[in-house]
Amino acid sequence: MNIQNYEISDIKLEDYPKFCDAFLSYAEDENGKELTDYELEKWQEDNYEKFSEMILEELR
Amino acid sequence: MKDRPNYYAILTSEVRYDNSLTPNAKLLYAEITALCNMNGKCTAPTSYFTRLYQVSRVSVQKWLKSLDDLGYIKRVVKYKQGSKEILARYITIVNKTSIKKLTDNTNINITNNNITYSNTIKKRKEKFLEEVYAFNDIDKSTLDDFIDYWIEKNPTGKKMKFEMQKTFDINLRLKRWNRNNFNKNKSTSKIDYQISEYLKGKELL
């Protein structure tokens with residue numbers, strides 16, 4: 001599933017590059033529908049590498 | 001049942017009547033006070049709360065973040081000196097009233113060091129403003145009216161009106177805005193204003 005308009009919270013620089021507290025707190029699917037908390041969690045688990053890239057992108 | 005502390009929980013009036021907090025976040029706060037009463041500080045990991053309340057990890061993280069952001073709790077992470085190895089993590093309850101008293105009489109600044117980088121609505125709004133103001137051949141008041149209209153947030157506050165359109169080409173929208181004189185409704189009659197509002201509504205459909 002592709003997501004858009006996402007929001008990542010709790011990116012703490014102290015534990016770079018793990019960012020173990022960071023989490024996807026908001027996102028919408030391709031149709032603009034808001035993902036539930038369970039869906040957010042699942043997306044993060046299923047797309048671990050992509051999520052790490054997104055964090056780094058936010059920091060740039 | 002073993003995981004559930006028998007100690008009483010505290011829900012302060014500040015937290016209880018804070019409209020920015022969800023009821024679940026308030027419940028979590030009470031749970032944390034119970035754990036703090038038992039151990040002095042709350043060392044329970046996020047997974048403990050997810051199991052306890054049978055909710056997703058993200059939900060617990062959101063509640064913790066909201067409590068932290070509003071200054072009701074403090075999430076502490078202790079690192080081994082000179083490394084990124086975590087020695088301890090715990091949550092403490094912050095007594096906001098006593099902090100206020102302290103800061104009222106001194107120059108102590110309490111800051112939240114937890115940085116949140118996100119693709120927030122604020123960021124998206126700034127981008128939108130930048131793109132609209134790039135049309136410098138159109139007078140500023142028109143652009144301002146256009147912006148005011150399209151940045152209105154939805155009831156959840158997560159999206160702006162322009163983001164809720166199936167398509168949104170600023171150039172085309174601005175042209176139509178000018179053509180329909182949407183921004184001139186302030187100086188026109190009530191009927192003109194109502195027609196203009198009707199057209200705006202129609203455009204949204």
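This is a predicted model: local features need pLDDT of at least 70, side-chain atom pairs count only at pLDDT 80 or more; totals for chains, interfaces and linings use all residues.

Colleague: What does Lys140(B) pair with?

Modeller: Lys140(B) makes a salt bridge with Asp144(B), at 3.0 Å from N to O. Both lie in helix H7 of chain B, four residues apart, or about one turn of the helix.

Colleague: Why does a four-residue spacing work in a helix?

Modeller: An α-helix has 3.6 residues a turn, so residues three or four places apart point the same way.

Colleague: How accessible are Lys140(B) and Asp144(B)?

Modeller: Lys140(B) is exposed, at 52% relative accessible area. Asp144(B) is partly exposed, at 23%. There's also a network elsewhere: salt bridges that share partners join Asp10(A), Asp68(B) and Arg75(B).

Colleague: OK, the interface then. Which residue does Arg89(B) meet in a salt bridge?

Modeller: Asp21(A), with 2.5 Å from N to O. The pair crosses between chains, from strand E2 (residues 86–93) of chain B to the loop between E1 and E2 of chain A. Arg89(B) counts as partly exposed at 36% relative accessibility, whereas Asp21(A), at 13%, counts as buried.

Colleague: What does Asp37(A) pair with?

Modeller: With Lys62(B), through a side-chain salt bridge of 2.7 Å, N to O.

Colleague: Which parts of chain A supply the side that touches chain B?

Modeller: Strand E1 (3–9), strand E2 (23–29), helix H1 (37–46) and helix H2 (48–59) of chain A each supply at least two residues. By type, that side of chain A divides into 12 nonpolar, four polar and 10 charged residues.

Colleague: How much area is buried between chain A and chain B?

Modeller: About 2,500 Å², with carbon and sulfur atoms giving 48% of that. The contact takes 26 residues from chain A and 26 from chain B. Eight residue pairs are in polar contact between the two chains, counting pairs with both residues at pLDDT 80 or more.

Colleague: Switching topic: which residues of H8 in chain B are buried?

Modeller: Ile170(B), Arg173(B), Leu174(B) and Trp177(B), in a helix that spans residues 170–179. They cover an arc of only 100 degrees around the axis, so they are on the same side of H8(B).

Colleague: What happens at the start of H8(B), and what follows the helix?

Modeller: At the start, a side-chain oxygen of Asp169(B) reaches to within 2.9 Å of the backbone nitrogen of Asn171(B). After the helix comes Asn181(B), with a positive phi near 50 degrees.

Colleague: Last one: what does Gln44(A) touch?

Modeller: Leaving out residues up to four places away in sequence, Gln44(A) touches Ala22(A), Phe23(A), Leu24(A) and Phe51(A). Gln44(A) lies in helix H1 of chain A and, at 16% relative accessibility, counts as buried.

Note on methods:
Residues are numbered from 1 along each chain as its sequence is written. Chains are lettered from A and ligands numbered from 1 in the order in which they are written. Side-chain values use heavy atoms; hydrogens and water are left out. Contact means heavy atoms within 4.5 Å. Buried area is the accessible area (1.4 Å probe) that two parts lose on being put together, summed over both. A salt bridge is a side-chain nitrogen of Lys or Arg within 4 Å of a carboxyl oxygen of Asp or Glu. A polar contact is a pair of N or O atoms within 3.5 Å; within protein, one must be able to donate a hydrogen and the other to accept it, and residues adjacent in sequence count only if both atoms are side-chain atoms. Ala, Val, Leu, Ile, Met, Phe, Trp, Tyr, Cys and Pro count as nonpolar, Asp, Glu, Lys and Arg as charged, and the others, Gly among them, as polar. Buried means under 20% relative accessible area, exposed over 50%, partly exposed in between (1.4 Å probe, protein chains only). The arc is that of the directions from the helix axis to the C-beta atoms.
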